[in-house]
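Work through the exercises below with the sequence and the structure open beside you. Try each task before you read its solution.

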Amino acid sequence: MERKVILEYFLSEQQKMIKSLARRIAEEKILPVRAELDESEEFPWTIMNDLADSDMFRVFIPEEYDGLGGGCLELCLVIEELSRVCAGIAISYAASALGSVTLLEYGSEEQKRKYLPDIASGKKLTAFALTEATAGSDASAIKTTANRENGGYVINGTKQFITNGGEAEIYTVVALTAKERGARGASIFLVEKGASGFSFGKKEKKMGIRASSTRELIFRNCLVPEENMIGREGMGFIMTMKLLDRSRPGVGAQAVGLAQGALEAAVDYARQRIQFGHPIISFQAVQHMLANMAIEVEAARSLVYAVARTVDSRARNFTEESAMAKVFASDVAMRVTTDAVQIFGGAGYMRDYPIEKMMRDAKIIQIYEGTNQVLRDAIAFELRKRKAMRE
Amino acid sequence: MNIVVCLKQVPGTTKVKIDPQTNTLIRQGIENIVNPFDTYALEEGVRIRERCGGKVTAISMGPPQAEEVLREAIALGADEAILLSDSDFAGADTLATSYTLARAIDRLERSDIIICGRQTIDGDTGQVGPELAEMLRIPFVAYVSKIEEIDNGSMRLQRMVEEGHEVIETSLPAVITVVKEINIPRLPSLRGLAKSKSAMIPVWTAQALGVEKKMVGLSGSATRVIKVFFPQRFRQGEILQGELESQVESLVNKLRDAKIT
């Protein structure tokens, strides 16, 4: 189903070109393999190479490092289009953008020159490593340490649930450089695959986004040179919070794309499924479900685009807005995919149709990059803070 | 390595309608695409350049809007593109087409490999590739499915034949036509698309090529299309009656009479 633009989002020619090429890649390259990769849980290397060949990894990198100079909105457009066909493959792409944000925002000129061109060309994927067994929503509870020794830092600890783990070449790892200072004692390091003392643990078997790789990172006396630290020592958590503010619209875009794909599939199915002598789309019960789905998807898209533009405007603080985009869009994706399965009925529950996969894929979006609960906390915190400041 | 790829703009459907008066295709309302076989030719050209260096020049003969396929070729990796367009070129058969292409290729600096698709999906003749080689007086290999080795003076190829594959070595320059088994064409890149939007595509006319009018277009064509028609199909069903055994026997006889068994 070709979706005619119903809302004017004022995309530039370049942005429209990015969106339409991403859609073409999704439909021509991803669609034929998505079910197979979901089943086999195989990392989508062929697709990553296709995305690289089409310059999709250049979209979010500045021109001086071989990128195309786009920002958060351009990245969102690509993620949305890929997710419309497969959110699992889209996240492998998006995670590489996430792993680059710290470098883009806080990296030294030398670090950027060294790493960004290979990220832009798609030659190297990246990953961001924060989560640990004891530190999920409570990110400051991480236990991985980085102790200063011999002109470098020795990292020890285990990171959990790391997207692109094992597949990425470049890892940005949050570790404690001064345990006693708590949240002010973390720093971020670049660690390359193959570094001595750095290995991979178990590959997780997931409910959804199964084509993506989620793995443990194990650091045992892994020595990284001093120049691999990003930003200043002790600024790790502050940088992490800022980078997640930047990356959350991308997660929102993943949710929007996924929900759009489910909506289109549901409309197609409702038009051809005959019950009581009529296509089920002629029944008001189904029509209202579809209408609600369409309203929510468009509202989520509007919010995500607006927040992405705010990020690109170089505004200083957009924690609240960015959380809103992620929370709203992911809740929409969960509802829309659940309703889409309902419209498909028994067929929707079967793996022969893509719709049950979409529902499985949707769940994680409410969980990762800040659970929707912890992000609502953040939004409420900002509301209280603003009110208190006025008083 | 100088690589030339010949491309043709064709209607993007196999359900073309033919104007019974003029015997030409009705093109209104039909989206034009790059002849699918030519996309494999272009991809192979770009791959050779990636392997050996050099440049890929895309050439197309057609009306002004054929420029679209050349822009697409640039988006897909061609370095340069040339459109051969002139009202004198109109109505060309394969002979006049290959003559015109050959004269254009003559004007480029030495070409090492010229690649065409095996045939177009509109004309379906498969003649332009071999005729082009003949006009240029260089070797020709059809239905290439793999380029095994390539260096300055020669290349080794696999070509599809009915019983399997032949391995052929040829000197360069040479013309080859390729089959779809040779590669999986890439999608355009964003940089390529940006480049294709701003690329200058020179248009070479009959005068620019220095060709005589009687050698190109309809006047240079050795063939004339007199009539184009769809063959009529007849289908007739028959229901056999009677006992099962006699039905089987009568069916067997009918199959025997039709020489099917």
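This is a predicted model: local features need pLDDT of at least 70, side-chain atom pairs count only at pLDDT 80 or more; totals for chains, interfaces and linings use all residues.

Residues are numbered from 1 along each chain as its sequence is written, and chains are lettered from A and ligands numbered from 1 in the order in which they are written.

**Exercise 1.** Describe the make-up of chain A and state how compact it is.

*Solution.* Start with the elements: chain A has 12 helices and 10 strands (DSSP runs, H or I of at least four residues for helices, E of at least two for strands, numbered from the N terminus). Next, its radius of gyration, taken over C-alpha atoms, is 21 Å, close to the 21 Å from the globule rule for 391 residues, so chain A is as compact as a globular protein of that length. The rule is 2.2 Å times the number of residues to the power 0.38.

**Exercise 2.** Find how β8(B) and β9(B) are joined.

*Solution.* Strand β8 (residues 154-161) and β9(B) run antiparallel, joined by 8 bridges; strands pair if DSSP finds at least two bridges between them. The two form a hairpin with 2 residues between them. One partner pair is Met160(B) and His165(B).

**Exercise 3.** Which residue types make up the side of chain B that touches chain A?

*Solution.* First, 7 residues of chain B contact 12 residues of chain A (C-beta atoms, placed from the backbone, within 7 Å). Then sort the chain B side: 4 nonpolar, 1 polar and 2 charged. Here Ala, Val, Leu, Ile, Met, Phe, Trp, Tyr, Cys and Pro count as nonpolar, Asp, Glu, Lys and Arg as charged, and the others, Gly among them, as polar.

How values were computed:
Two residues are in contact if their C-beta atoms, placed from the backbone, lie within 7 Å.
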